[in-house]
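Here is a friendly walk through one protein chain, meant to be read with the model open beside you.

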Amino acid sequence: MPVLKPRHLCAMAAAVVLTITAPATVASAADSAALREVLFVGNNWDGTADVIKSSGDLAKIGRINVVPDKDARMAEINADPIKWIYFMAIRNSVGEGHDQFVDDMYSTPDGRSVVVSRPSFADVVSIDLATGKINWRFKVSGYRADHMAVSPDGTRVAVSASTANTVHVLNINTGQQLGSFATGDKPHENIFSRDGKYIWNMAIGDVNTDSDAPWLDWTKGDRHITVVDATTYKQVRTIDMRDRLNAIGLKDYSDAVRPAVFSPDESKLYFQVSFFNGFFEYDVATDRITRTKTLPKNPATSDDRTTMVNDSRHHGLSISPDGSKLCVAGTMDDYATVVNRATLQEGPLVTASKPYWATVSGDGKSCVVSESGADQVTAIDFATGQKTASVPVGDHPQRVRLGHVAADWTSPSS
């Protein structure tokens, strides 16, 4: 692949998405009055998604069963020895002894359905929000579905098939595959560019082995960022953070890029890596890491890498709409904090139990983190860095996404 010159990188930077400020779904002006903005909270071990207010007190609005076909799927798995082996492997490794029934979710532009990736069932389903029934189901390649991303116009959804090193791109309304592309080992996070022309995928490698010592890092697999054209699904470029980390003397740091967000001017990428209590700033145009932020350690947190769940020390990153503040979920250190982007000075460390994701409230005033260890979602004010609200949700909340439901929506009967 030809090396992109800085001017080409600048052009690409102009297309990179700010995932938090880009709308999770798009509705026409005529439809918007009939829709209500909400937050969807995926309760991974429950197989449910709570629907809560998108701002303010985060009050619960309703709940969706995202595994209404559980009996049929389990019968399918139990009848196939290979599927059963992978199902049990997911339960006993990344699932920490639990089944993973919901990883990620996005609503359709009309607010009628929610599309959900289900790791243990290796699929993506669309669920009718009025009836709770499945509209369509797409089986991913391999045996596990992971993180998703929705296009800026709300019509396409990209999903990582983590055991097949593949990303599928689907029509969000029909489930039809529009294309797919190859990645590194264990594709994870996906990000659409703001104009919808590019997809960025982060491959994190094997995170369930105990070969966590720095000298064994090579055993984790091929980890890199893959950028593709979102129309042709052809590779535009790859970025291996190993070389960029080595260049600043951090040879013992993992290059497995976890959650990531872009700055409002789309020139900087902020990302977390395995085992690290902090994050990095990457300049897209110059193709180098420009700043490193190390965040405080919790004295009660072990530095033994094998104790960090799925190699995550900090897992969850969002940015305020004006780009002035970053919000970090300090997963294994049991806190969340707001960081001034200009100075990289962190604010108060807000106690949180195994926070696993960070997003932005509908009004843009708060960072919203999922506390997977406390089964609740918490809002932290970007301006003050202080906690403003918490609401209980289901078992092991992870992904939290902005979306829409009908203005008069209530939970479908179970």
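## Strand β17 and its partners

Val257 has Val273 of β17 as its bridge partner. Please keep in mind that this is a predicted model.

**Around β17**

- Strand β17 covers residues 268–273, and six of its six residues are buried.
- Which residues of β17 lie on each side? Lys268, Tyr270 and Gln272 are on one side, while Leu269, Phe271 and Val273 are on the other, and both faces are covered.
- Strand β16, made of residues 257–262, runs antiparallel to β17 and is joined to it by four bridges.
- Five residues sit between the strands in the hairpin of β16 and β17, and Glu266 in this hairpin has a positive phi near 65°.
- With strand β18 (residues 278–283), β17 is again antiparallel, through four bridges.
- In that pairing, Phe271 has Phe280 of β18 as its bridge partner.
- The hairpin of β17 and β18 has four residues between the strands, and Phe275 in its turn takes a positive phi of about 70°.

**The chain as a whole**

- Five helices and 28 strands make up the secondary structure counted in the protein chain.
- The radius of gyration is 20 Å, close to the 22 Å that the globule rule gives for 414 residues, so the protein chain is as compact as a globular protein of that length.
- Along the principal axes, the C-alpha atoms fill a box of roughly 55 × 50 × 45 Å.
- Buried residues account for 59% of the 414 in the protein chain.
- Of the contacts between residues at least 6 apart in sequence, 52% join residues at least 24 apart.

**Nonpolar cores**

- The largest nonpolar core holds 22 residues, and Phe40, Ile64, Val66 and Val114 have the most contacts inside it.
- Elements that each supply at least two residues of this core include the strands β1 (35–43), β2 (48–53), β5 (113–118) and β6 (123–128), together with the helices α3 (70–78) and α4 (81–92).
- A second, separate core has 21 residues, among them Ile191, Ile225, Leu269 and Val273. Leu269 and Val273 are also two of the buried residues on one side of β17.
- What does Val114 touch, not counting residues up to four places away in sequence? Its contacts are Phe40, Ile64, Met105, Tyr106, Ser107, Val125, Ser126, Ile127 and Leu129.

**A four-stranded open sheet**

- Four antiparallel strands form an open sheet in the order β24-β25-β26-β27.
- The edges are β24 (355–360) and β27 (387–392), each of which pairs on one side only.
- From one strand to the next, the twist averages 20°.
- Inside this order, β25 (residues 366–371) and β26 (residues 376–381) pair antiparallel over six bridges.
- Val369 stands opposite Thr378 in β26.

**Loop residues to look at**

- Gly196 lies in the loop between β12 (187–192) and β13 (198–203).
- Is Gly196 buried or exposed? Gly196 has a relative accessible area of 7%, which is under the 20% cut-off, so Gly196 counts as buried.
- Beyond neighbours within four places in sequence, Gly196 is in contact with Pro152, Arg156 and Ala230.
- From Gly196 to Ile289, 93 residues apart along the chain, the C-alpha atoms are separated by 25 Å.
- Most residues other than glycine have a negative phi. Against that background, Ala122 has a positive phi of about 55° although it is not a glycine.
- Ala122 is in the loop between β5 and β6, and Ala122 counts as buried at 12% relative accessibility.
- Asn310 also takes a positive phi, near 50°.
- The loop between β19 (288–294) and β20 (317–319) contains Asn310, which counts as buried at 9% relative accessibility.

Conventions:
Residues are numbered from 1 along each chain as its sequence is written. This is a predicted model: local features need pLDDT of at least 70, side-chain atom pairs count only at pLDDT 80 or more; totals for chains, interfaces and linings use all residues. Side-chain values use heavy atoms; hydrogens and water are left out. A nonpolar core is a set of buried Ala, Val, Leu, Ile, Met, Phe, Trp, Tyr and Cys residues joined through side-chain atoms within 4.5 Å. Buried means under 20% relative accessible area, exposed over 50%, partly exposed in between (1.4 Å probe, protein chains only). Contact means heavy atoms within 4.5 Å. Two strands pair if DSSP finds at least two bridges between them. The radius of gyration is taken over C-alpha atoms; the globule rule is 2.2 Å times the number of residues to the power 0.38. Axes are lines fitted to C-alpha atoms, for helices over the stretch in contact, and angles run from 0 to 180 degrees between N-to-C directions.
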